[in-house]
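Here is a short walk through a structure that may be new to you. Please keep the sequence and the 3D view at hand while reading.

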Amino acid sequence: MKAARPNREGKWAWRLTGFVTLCVYIFMFAPIVATVILSFNASMFGGFPMTGFSLQWYAKLMGNEAVLTAFRTSLWIALVTAVATTAIGVVTAFALVRFEFPGKQALSTLVILPALVPETILGVGLLVLIKAIDQPRTMLLLVLGHILLAVPYVVLIAQARMVGIRRVYEEAALSLGASRFSSFREITLPLLIPAVVGGVLLAFTISFDNTSASLFWRPAGVETMPTQILSMLKISISPEINALGTVMILVTVGIPLIGGLILQSLTKLKRRGEPKEEVR
Amino acid sequence: MNNRWTLYDPRLAWMLVAPVLLLLIFFLVLPIAVMAAYTFFTFVTAGVETSALTTANWQEFFTDSYYSGFLLKTLRVGAITALLCGVLGYFPAYFIWATSFRHKWLLLLLLIVPFWISFTIRTFSWINILGEQGVINVALLKMGIINEPLQMLYNEGAVILGLLHFLLPYMILNVYVSLEGIDRTLISAARSMGCTSAQAFREVTLPLSLPGLAAGLLLCFVLAAGSYVTPQLLGSGRDALFGNLIYDTIMGELNWPMGATLSIVLFVVLGFFAAIYTRYMGMSQIVKGLAG
């Protein structure tokens, strides 16, 4: 279809499109690349020009107890959030796609809402509620809050996948005498695996990344990684922060990439060549 | 055969959605309801309020231009950001859709990667570009174009730039998804009928991709107007947005009733825009965009 009479203005428009696209990609990655490069700067000050290559800021980071504690805290919260959100989200998507029940439409709108309501509002809301019933901020509250933030995305991913799984498979299992639960476990869940892996990864990153809401919800004295970075930034931009940023980039990009590879090898057999099967 | 009747039993559905429903009720619906009630509470002193009902918070909000100024600035920044995202995001989306490059997925992956990188880090990384010792200033100084560093950080431009960096992938993916839904034979048909490629774009591709563009605009606007971290890191005190105002009112002044009032205002205002959008476009477009 591309062959159809290329003309001059079309060519220029296409070149312009390509140029803007390139600029956008540079725009997206320039600050990230600069941060990674600067993390190896030997200079005391967080900025250019580079005065030499050094790993000292990474060494310093490894000895920074506050950062390590925050890192562990975030890791745990993100792991629990990822597992719990995916379990809840997959089950919800299953119900929303397979079942007809009153209020289904309202519920599916409500489920997306946490992704659209600004975090500041969600943050304040929960605080006001627990203040009204006189409860302290706890770790449990923080984790449940993170689950709330991640749930829309997991439900959407699982729903998109669920739509592509034909219900006759389940019905066949049921008619052969399988229980509802075992048909879900044996038939539906294995077919849903890509959505499950995707959900876990996405929920993990959403939780590990969350700043605004965590600022409101964290219990007194608890810092998550992003809030820790934020409070470090209030003091100054040090090369240590760039090193910390680089480590975080490695963690948050590395984990999904590895996950994505697993995902791809899982679905490779099915999807090779097909354009897109989860069309809604 | 009895199975058939219980196969898609609504009661089972309710059990399945119960966890999400409880979560949404206790962490979303109830908090917002309580917050709405809190706007009528009386502020006594920092951290203390009584449940004596008053409209003082609302009166203060509507009469003090301090608050409306914040609101207008927030809406302006959100609108500028969304429009810039729309203009700058359409090109890459179109490019990825139309390119004959075989590894399109790579271009898409590169857009998704920034999503994974901590938002706080992406935001502060701009300081390494725009700061006094950032790439731009150091390069310009070295080349002798300027004698002293330009002040590019801590102003509204930097805030918008940071928001743009955060929101562009949302826009690009939204537009891309909607372009992907276009039947390409329509364009071939237009071309074979004698349209130039520009005409085919104007008459076919652009109109058919508008739902994605509109969804992207709404998403970018809402997320920009609700932002907290970006103005905090890249803006000066004067560039604080509504989110920062809410945070300071609650965490700094401990004026909970006023903080609740401000939150409800932001919620209603952004909800108003979302409602207009849903009225004309429906929710499904946003859903597609969010699911990537």
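Keep in mind that the model is predicted.

Start with the fold of chain B. Helices number 15 here, and strands number two. Next comes the outline. Along the principal axes, the C-alpha atoms fill a box of roughly 85 × 75 × 30 Å. The radius of gyration of chain B is 24 Å, whereas a compact globule of 292 residues would come near 19 Å.

Chain B exposes about 12,900 Å². Carbon and sulfur atoms supply 68% of that area. Charged side chains are present too: 14 are positive and 13 are negative.

Of the 292 residues in chain B, 53% are buried. Among contacts in chain B with a separation of 6 or more, 68% join residues 24 or more positions apart.

What does the largest nonpolar core hold? It has 171 residues, and B:L167 and B:F242 touch the most other members. Helix 9 of chain B, residues 156–180, gives this core its largest share, with 15 residues.

Finish at B:F242. Which residues does B:F242 touch, leaving aside those up to four places away in sequence? They include B:F61, B:Y67, B:F70, B:L71 and B:T74. B:F242 also touches B:L262, B:V265 and B:L266.

Technical notes: Residues are numbered from 1 along each chain as its sequence is written. Chains are lettered from A and ligands numbered from 1 in the order in which they are written. This is a predicted model: local features need pLDDT of at least 70, side-chain atom pairs count only at pLDDT 80 or more; totals for chains, interfaces and linings use all residues. Side-chain values use heavy atoms; hydrogens and water are left out. Helices (H or I, at least four residues) and strands (E, at least two) are DSSP runs, numbered from the N terminus. The radius of gyration is taken over C-alpha atoms; the globule rule is 2.2 Å times the number of residues to the power 0.38. Buried means under 20% relative accessible area, exposed over 50%, partly exposed in between (1.4 Å probe, protein chains only). Contact means heavy atoms within 4.5 Å. Accessible areas come from the Shrake-Rupley method with a 1.4 Å probe; for residues, only the protein chains shown count as cover. Lys and Arg count as positive and Asp and Glu as negative; His and the chain ends are not counted. The place of a charge is taken as NZ of Lys, CZ of Arg, CG of Asp or CD of Glu. A nonpolar core is a set of buried Ala, Val, Leu, Ile, Met, Phe, Trp, Tyr and Cys residues joined through side-chain atoms within 4.5 Å.
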